[in-house]
Amino acid sequence: MAILGSTGSIGTQTLDVISRHPDRFQVVGLAARRNAALLQEQARRFDVRRLALYEPTAGVPSGMEAVVDVATAPDVDLVVVCVAGVIGLLPTVRAIEAGKAVALASKEVLVAAGEIVMPLAKQHGVEIVPIDSEHCAVFQCLRGYRPDQVRKLILTASGGPFRGRKTADLADVTVEQALNHPTWRMGGKITVDSATLMNKGLETIEAKWLFGLSIDQVEVQIHPQSVVHSLVVMRDGSALGQLGWPDMRLPIFVALSHPERVESGLPPWSPLDTPNLTFEGVDEQTFRCLPLARESARIGGTMPCAMNAANEEAANAFLAGKARFLQIPETVETVMVRHHSVAATLESLIEADREARELARESLLSGSRA
Ligand code: MG
């Protein structure tokens, strides 16, 4: 397999899983954004010769073409896409065109471009296996069922570090507070997305595309223990769920070994370990990113791509200490109001992404709602 984003949170956990099963998995390509030292250490440890960095770097093939070369090399069967953000789109498209299986952790790829990625995968007979824990849960529950047999999905959300707070309580929250996630240890961008609940908005759109449902068939409920990873409610009223510890190594292992079910070496969860599981609705007045994301999917075309680009800019500005927390939903809303959605093609999506980032940076600079 090739791993795009090998130095990030999912990338390093994927390599951790692989190191426990050397007889089952072999890595032949690694790509990362800029961490040359860790990439080269990984290459030595896993004896990988094909490397790429997205940012220009001496001594390592670099740039988008180099990343695409890693994803499409002849000895690659499976491409694990776990880069942060929509930057994973082009390598994913090229991997699908080359007939590679795809294990997808970068939800932004389907959020921005599900309308072109899913038909492309179908056309090339490529199965996209999700690594996101909620989608891995739904994927497991839906084996053997058709989309028309599903009434709805219930994606579960921990609620993040600000669960129970109101808008006024969020005005002055710090990066450190936003990164203090109650149940999951993840990369910076996704942890901020979890604090705004944009992560659940992106996952709602990701689920729509992966499982062939309408956006209004995907609900979200808060489940602070992060043990029920999602539920599928069938037409007949039966609810199916997948339960386990909040540990990304299990969905990674499930995705890498699909369609086999074999010993993972990870401790199994028992109901006696977490006997009290609770659920509550989402406060969409306070956590506006979720309804904004859903609205972008209802509009369709290039709108989800623009929404995602605005969120990436705002979340990264917040992480860099250059924006307030509440500027994240404000920026997303401003960009959605200004963006004129057109039909999604690879070209129109790249343009929508570029334009939305420009609008988002302007809006962030002005510091208030435009
Ligand atoms: Mg998730």
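Reader: Where does Leu197 sit, and what makes that stretch a loop between helices?
Author: Leu197 is in the loop between helix H8 (188–196) and H9. Helices and strands here are DSSP runs (H or I, at least four residues, for a helix; E, at least two, for a strand), numbered from the N terminus. Bear in mind that this is a predicted model, where local features need pLDDT of at least 70 and side-chain atom pairs count only at pLDDT 80 or more, while totals for chains, interfaces and linings use all residues. Residues are numbered from 1 along each chain as its sequence is written, and side-chain values use heavy atoms, with hydrogens and water left out.

Reader: What is the phi of Leu197?
Author: Leu197 has a positive phi of about 70°, although it isn't a glycine. Most residues other than glycine have a negative phi, and most peptide bonds are trans. On the peptide side, the bond from His258 to Pro259 is cis, with omega near 5°. Pro259 lies in the loop between helix H10 (249–257) and helix H11 (289–299).

Reader: Why are Asp132, Glu134 and Glu203 called donors of the magnesium ion?
Author: They coordinate it through OD of Asp132 and OE of the two glutamates, at 2.0 to 2.2 Å. Along the sequence the donors are spaced D-x1-E-x68-E. Asp132, in the loop between S6 and helix H6 (133–141), and Glu203, in helix H9 (residues 198–211), are 71 residues apart.

Reader: What makes Glu203 and Lys200 a salt bridge?
Author: The rule asks for a side-chain nitrogen of Lys or Arg within 4 Å of a carboxyl oxygen of Asp or Glu, and this pair comes in at 2.8 Å, so it counts. Both residues lie in helix H9, three residues apart, about one turn of the helix. Across the whole structure, the search finds 29 salt bridges.

Reader: How do you know which residues belong to which domain?
Author: The bounds come from an automatic or database domain assignment. They give domain 1 (2–131), domain 2 (133–287) and domain 3 (300–363).

Reader: What makes domain 1 and domain 2 neighbours in contact?
Author: Contact means heavy atoms within 4.5 Å, and 26 residues of domain 1 are in contact with 29 residues of domain 2. The area buried between them (accessible area, 1.4 Å probe, lost on being put together, summed over both) is about 2500 Å². Carbon and sulfur atoms give 71% of it. Lys107, Pro130 and Ile131 supply 25% of what domain 1 buries there, more than any other three residues.

Reader: How many salt bridges are there between domain 1 and domain 2?
Author: The count is three. Elsewhere in the model, Lys189 also pairs with Glu108, with the closest N and O atoms 3.0 Å apart.

Methods
Buried area = accessible area lost by both parts, 1.4 Å probe. Donors = N, O, S within 2.8 Å, 3.2 Å for Na, K, Ca; no water.
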